[in-house]
Amino acid sequence: MAAASCDELRVHVRLDERSAGFFALGRALVTKMPVAIVVTSGTAAAELHAVVAEADLANVPLLILTADRPEELHGVGAPQTIEQGHLYGDMVRRFEDPGVAQFDQASTWRDLAIVLWLDASGQRGAAGPVHLNAAFREPLVGTPCELPAPLPPSSGLVGRNDEVPALAVNGKRVLAVVGLGVQLETVEHCRALDWVVVGDATARSTVAYFDPLLRDEEFVALATPDLVVRIGGLPASKVLQEQLKLWSVPTIALRGAGDVADPDRIVSELMNGLPHGDDAKLRGSSEYAAFWRDASARVGEWMSAQENEGDLLDEPHVARAVVAASSRFGVPLVIGSSMPVRDVEWFSPPRESETFANRGANGIDGVVSTALGVAAGERGIGLVGDLTLLHDVSALVDGLGELGGSCVLVVVNNHGGGIFSFLPQAGLLDEERFEQLFGTPREHNLAAIAEAFGYASVTVTTRAELDAVIATGLDRPGLTVVIAQVPTRLENVRRHELLNRAIGQCWRSERA
């Protein structure tokens, strides 16, 4: 009631707490501001566990505000009462449990709010979720007090890292691998230094098609770097990760964009700071940069030519169409985990608009809700698989909410979990057992589900249809669900293999 009465706050009422949490995550991603999530006690608080895990690993600022019963109602069978102390463990930057709210302690509330805000927003460390567990006694109604005078604005949520790394490149062949947490400004500084920059699906203006190129032995031999610089999270490409291990060149991790992911333990040295494009000692090899740039451009031209020859609609080309639309219309893109994030990373042109994915924990939880949170009040595009939509179908209950806006949700309908068809389980199990445990197809009518919630739904089978309905959906208020019918999961594996081989042949023929 206090939040709803505060004109400075925008209140979104969401029916399902898990969906609400990921909707808040989307709002925090797009606004770059902490977002508060207010829930009642009991299982409502437990429903936020998944979003806390994602926000923790992705450094997204969230204020988790859980109501609780007073101490005397714990352990006596009172309803909606569970142990909420340190409910989220070490995943929160700060946990506070000040006890039952008492008016004679009101003078302490501002200080409590300040420390929670500072820790969530990243002004005293990495940004992320914080948890305030607030107990109340009945009556559970009241009149909000007048707020104290506002404090002067801070200099920003996350201070710019102006420290220059103590690194001497001096013309070496530098491959920069960037991911979660890396901003466009950092990529541009790297490129200005003639570093080759490859990145995950959320990174903008990086070298496209690096994964299929690194599957070609001739390219790998010519693309060997002298130095690898790691910033932020890792791309999804296992081909890249394996090649980094095989190259076995010095690998420097720069921590200016947050913690550097290093599951293979190949980082040889940690440094603070971020590169700056005018630092002469950091300048790399312009020939090496040109080699990668030309190879990527040739592949991009070849793929565009292939699209012009036929109306292809398979999973890689759906990813290309969605990225192209995001860039063409200047709207943010939210990408689902599993195959969508990989197809965008491997086969799409460089991203130009802001691109988001839940790359902290890499789950399919709440991706539809995240996309709606990003698009609310504006426009946005989401790309998910059919199981991801079904997993977060409660997001459709409240849609874009009070802010309105336009969101086009493209659903790749391959009838199951497509990524598992690329994994050893697909060859080791008989088809029936594989489908039962890993493919997990669900035969629900996705278009009918969307329409049952009152949304426009269109099923497409060609690239031209997909391009047209994305444009129409962005011009229409509300949510438009686009069901992209694609080949079977087994055929998808074959098409990926053919595409990877063709890209290698394309690159070699152009060099000849």
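**Confidence, then a helix pair**

Mentor: This is a predicted model, and its protein chain averages a pLDDT of 93, with 97% of the residues scoring at least 70. Over residues 155-160, however, the pLDDT is below 50, although this stretch has 11 contacts in the model beyond near neighbours in sequence. Where pLDDT is low, the predicted coordinates should not be read in detail.

The part to look at closely is the pairing of helix 10, residues 315-329, with helix 18, residues 463-475. Two packed helices are described by the angle between their axes and the distance between the axes. Here the axes of helix 10 and helix 18 come within 10 Å and cross at roughly 35°, and the crossing is right-handed. On the side of helix 10, the residues that meet the partner are H317, V318, R320, A321, V322, A324, A325 and F329, while helix 18 contributes R463, L466, D467, I470, A471 and L474. Sorted by class, this contact of helix 10 with helix 18 has 10 nonpolar residues, together with one polar and three charged ones.

N170 counts as exposed because its relative accessibility is 58%, and the cut-off for exposed is over 50%. Leaving aside neighbours within four places in sequence, N170 is in contact with K281 and R283. N170 and A280 are 110 residues apart in sequence, yet their C-alpha atoms are 7.8 Å apart in space.

Methods
Residues numbered from 1 in each chain as written. Predicted model: local features only at pLDDT ≥ 70, side-chain atom pairs only at ≥ 80, totals over all residues. Heavy atoms only, no water. pLDDT = per-residue confidence, 0-100. Contact = heavy atoms within 4.5 Å. Axes fitted to C-alpha atoms, helices over the stretch in contact; angles between N-to-C directions. Helix = DSSP H or I, 4+ residues; strand = E, 2+ residues; numbered from the N terminus. Left-handed = near helix turned anticlockwise from the far one by under 90°. Nonpolar A, V, L, I, M, F, W, Y, C, P; charged D, E, K, R; others polar. Buried < 20%, exposed > 50% of the residue type's maximum accessible area, 1.4 Å probe, protein only.
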